[in-house]
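Please consult it alongside the sequence and the structure displayed here.

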Amino acid sequence: RVESAQTRIKFVTEALLLRQMASDPQLKGIGAVVFDEFHERNLHSDVALALARRLQETGRPDLLLVAMSATLDTEGVARWLGSAETLAADGRTFPVDVEYTHQPRNSTRPVWDAAAEQVRRILQEEVEGDILVFMPGKGEIQAALGALSAARLGERVALIPLHGELAPDDQDRAFQPSPLRKIVVSTNVAETSVTIDGIRHVVDGGLARMARYDAERGIQTLMVEEISRASADQRAGRAGRTAPGTCWRLWTESGHLNRPARNTPEIQRADLAEVVLLLHSLGVRQAATFDWLDAPDKAAVLRAERLLFILGALEGDQGSEGRGFDLTPVGRQMLRLPMHPRFARLLVEASRRGCVPAACLCAALVSGRDLLARLDRDDADTKAAREIS
């Protein structure tokens, strides 16, 4: 991060904004906070907007708040912000024709095989334009690339994976010009914010990996779920950014109407321990009474506070009859570490016992996903990203 007295605009993630609020609750020197792609409703954006609104109402009436998205629940957000002014800019730069498949809902055919078949049809019927295929995760992307490699596509193409675990150079291949028609197979990282020049056709598997908190095991887990209608609209829009396009949804039109209108806010399905710790650091004694845009389950908030109490980050009384919790010195140390409170507590204790390197290694091993399996796949994935064509 580079900034100076001449800085006028800063682009930060919501998580970094929350950390800035923790160290500078008044947001000194900041006149406006803009939340882009707010429809994604991730945990950090919901909490950051709620804290910014609280600041606006209590000490910074001059602070301007803006929430933007192509598929935002405008009325609900505006009402929660206090009858905020709304501006609409309807329309898409280029039209996108949306088509549905007739595959039965209970079909056992893998989504990557259905996507490869649809890509083959597009290549046979469409004269020009690159293709963007949405898959829920890295494993499904590799399976789709395999199915495409085995299919009779009728022309030479560049098959390009796109997901968060690729090296930056391999991710850049999706955005670079190619002498061959590109088929980019991506997770929902390509759903919003990015534009891949040349994409004229979208093949949407209709699935995504969603983070959910497993209360029985006390861990966050990823589950493959059907996307909402709003997410489907976002994905279809990738085909109409630079020219007219088509979107092929690998589910039926009747099935589409049965999908939820919008994504479930992450705050209602995620582990809340980290943001609850932040709220208590800002003087919120009972996090369950905080003015959320969409309130999480009260039991989830109380569970997070109980965990923080056990870790020694909070002290006080829990429950509606109690006075609430205060942050402890240990909790303030944990707050400075950008990780889950379980791991932060581990490192705080390790610093006392002189074993920080070993504790860091343990925290990395526990927090990573499929580390041992990935070690064998990384080299092969990098090679595949460069040579598939």
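**Briefing on the predicted model**

S281 counts as buried, at 16% relative accessibility. The structure is a predicted model, and the mean pLDDT of the chain is 86. The chain has 14 helices and 12 strands.

**Overall organisation and confidence**

- Of the 389 residues of the chain, 45% count as buried.
- Among the contacts in the chain with a separation of 6 or more, 69% are accounted for by residues 24 or more positions apart.
- A pLDDT of 70 or more is reached by 90% of the residues.
- Confidence is highest in strand β4 (residues 130–134), at a mean of 96, and lowest in helix α14 (residues 371–387), at 47.
- Over residues 375–389 the pLDDT is below 50, and this stretch has 19 contacts in the model beyond near neighbours in sequence.

**Helix α9 and its surroundings**

- The axes of helix α9 (residues 273–281) and helix α10 (residues 298–310) come within 9 Å and cross at roughly 75°. Because angles of 65 to 115 degrees count as roughly perpendicular, α9 is described as roughly perpendicular to α10.
- On the α9 side, the contact is made by A273, V276, L277 and H280; on the α10 side, by V301, A304, E305, L307 and L308.
- The residues of this contact between α9 and α10 comprise seven nonpolar, one polar and one charged.

**Salt bridges**

- Side chains of opposite charge can pair when their charged atoms come close. A search of the whole structure finds 21 salt bridges.
- E274 and R19 form a salt bridge in which the closest N and O atoms are 3.8 Å apart. E274 belongs to helix α9 and R19 to helix α1 (residues 14–23), so that the pair links distant parts of the chain, 255 residues apart. Both partners are partly exposed: E274 has a relative accessible area of 30%, and R19 is at 29% relative accessibility.
- K138 and E165 meet through their side chains in a salt bridge, at 3.4 Å from N to O. The two residues are 27 residues apart, with K138 in helix α5 (residues 138–150) and E165 in the loop between β5 (157–162) and α6 (168–172). K138 is buried, with a relative accessible area of 13%, whereas E165 is partly exposed at 31% relative accessibility.
- E140 forms a salt bridge with R209, and the closest N and O atoms are 2.8 Å apart. Because E140 lies in helix α5 and R209 in strand β8 (residues 207–214), the pair ties together parts that are 69 residues apart in sequence. E140 counts as buried at 12% relative accessibility, whereas R209 is partly exposed with a relative accessible area of 34%.
- A network of salt bridges links R345, E349, R352 and R353.

**The enclosed helix α7**

- Seven of the nine residues of helix α7 (residues 229–237) are buried, so this helix is largely enclosed by the rest of the structure.
- The buried residues of α7 are A230, S231, A232, Q234, R235, A236 and G237.
- The elements covering these buried residues of α7 include the strands β3 (96–100), β4, β7 (199–204), β8 and β10 (245–249), together with helix α8 (253–257).

**A buried arginine in a loop**

- R60 is found in the loop between α2 (43–58) and β2 (64–67). This arginine is buried, with a relative accessible area of 11%.
- Apart from its neighbours within four places in sequence, R60 is in contact with Q26, L27, K28, I30, G31 and L55.
- R60 and G31 are 29 residues apart along the chain, and their C-alpha atoms are separated by 9.3 Å.

How values were computed
Residues numbered from 1 in each chain as written. Predicted model: local features only at pLDDT ≥ 70, side-chain atom pairs only at ≥ 80, totals over all residues. Heavy atoms only, no water. Axes fitted to C-alpha atoms, helices over the stretch in contact; angles between N-to-C directions. Helix = DSSP H or I, 4+ residues; strand = E, 2+ residues; numbered from the N terminus. Parallel < 35°, antiparallel > 145°, perpendicular 65-115°, else oblique. Contact = heavy atoms within 4.5 Å. Nonpolar A, V, L, I, M, F, W, Y, C, P; charged D, E, K, R; others polar. Salt bridge = Lys/Arg side-chain N within 4 Å of Asp/Glu carboxyl O. Buried < 20%, exposed > 50% of the residue type's maximum accessible area, 1.4 Å probe, protein only. pLDDT = per-residue confidence, 0-100.
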